[in-house]
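Take a walk through this model with the sequence at hand. We begin with a helix, move to the sheet, and end at a single side chain.

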Amino acid sequence: MWYFSSDWHLGHENVIRFSKRPFSSVEQMDSAIIKNMTSPLKRGDEFFFLGDLSWNIPVGERFFYSLPEGVQFHWILGNHDYDKYLKPFEQYCASISTIKELKPAKDQLLVLCHYPMISFNKSHHNAWQLYGHHHRRPNGKDNLFPNFQGKRLNINLEFHDFKPLTLKDVEQHMAKQPDNWDYLSKTKAD
């Protein structure tokens, strides 16, 4: 099974305040995130993490020690994943990249990047994009790209009850979204 999430900011006390996270302490936040992210996982699962893991090496290690054996962790780097926070964890990762592409179905491309993109590989063929980076707005929403709607989803854990999304969750979301703004339908392309 595939799982997706981003922007945990483990060990980052200020994220509680600036993103209005519902935790009274950084320790409470870290424990809840680690539990929520690891509890559904089992051997053979793949976890695609889209950046900004931890500001604290010991709590990052706590996450990786909690990861069930046989789970492949793919880290798509974010803007806070500096070398000093990345190096101790490289050994636990199946892959590390700045962008990753998956094919959940024969004719479907899924582009993973920490940053949202207006256009991305195959967006003109209605590919999907998952991103993070942007945190909860004062209205509790992610108001990015109002003129560029389409098959994209902010997977920052703040928008998903601090739990990972499954591929089925992503598919259900994308089914409700309009076509990408730059989509070339078969009739337009002919």
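**A helix and its neighbours**

In this predicted model, the buried residues of α2 are Val-26, Met-29, Asp-30, Ile-33, Ile-34, Asn-36, Met-37 and Thr-38.

Strands of a sheet pair through backbone hydrogen bonds, in either a parallel or an antiparallel sense. Here, five strands make an open sheet with mixed pairing. Their order is β4-β3-β2-β1-β9. Which strands lie at the edges? They are β4 (95–97) and β9 (165–166), and each pairs on one side only. Strand β3 (residues 72–76) runs parallel to β4, with three bridges between them. Trp-75 stands opposite Ile-96 of β4.

Last, find His-9. This residue sits in the loop between β1 and α1. Is His-9 buried or exposed? His-9 counts as buried because its relative accessible area is 1%, and the cut-off for buried is under 20%. The side chains of His-9 and Trp-55 are joined by a polar contact of 3.4 Å. Leaving aside residues up to four places away in sequence, His-9 touches Val-15, Arg-21, Met-29, Asp-52, Leu-53, Trp-55, His-80 and His-135. One of these, Met-29, is also among the buried residues of α2.

Definitions and conventions
Residues are numbered from 1 along each chain as its sequence is written. This is a predicted model: local features need pLDDT of at least 70, side-chain atom pairs count only at pLDDT 80 or more; totals for chains, interfaces and linings use all residues. Side-chain values use heavy atoms; hydrogens and water are left out. Buried means under 20% relative accessible area, exposed over 50%, partly exposed in between (1.4 Å probe, protein chains only). Helices (H or I, at least four residues) and strands (E, at least two) are DSSP runs, numbered from the N terminus. Two strands pair if DSSP finds at least two bridges between them. A polar contact is a pair of N or O atoms within 3.5 Å; within protein, one must be able to donate a hydrogen and the other to accept it, and residues adjacent in sequence count only if both atoms are side-chain atoms. Contact means heavy atoms within 4.5 Å.
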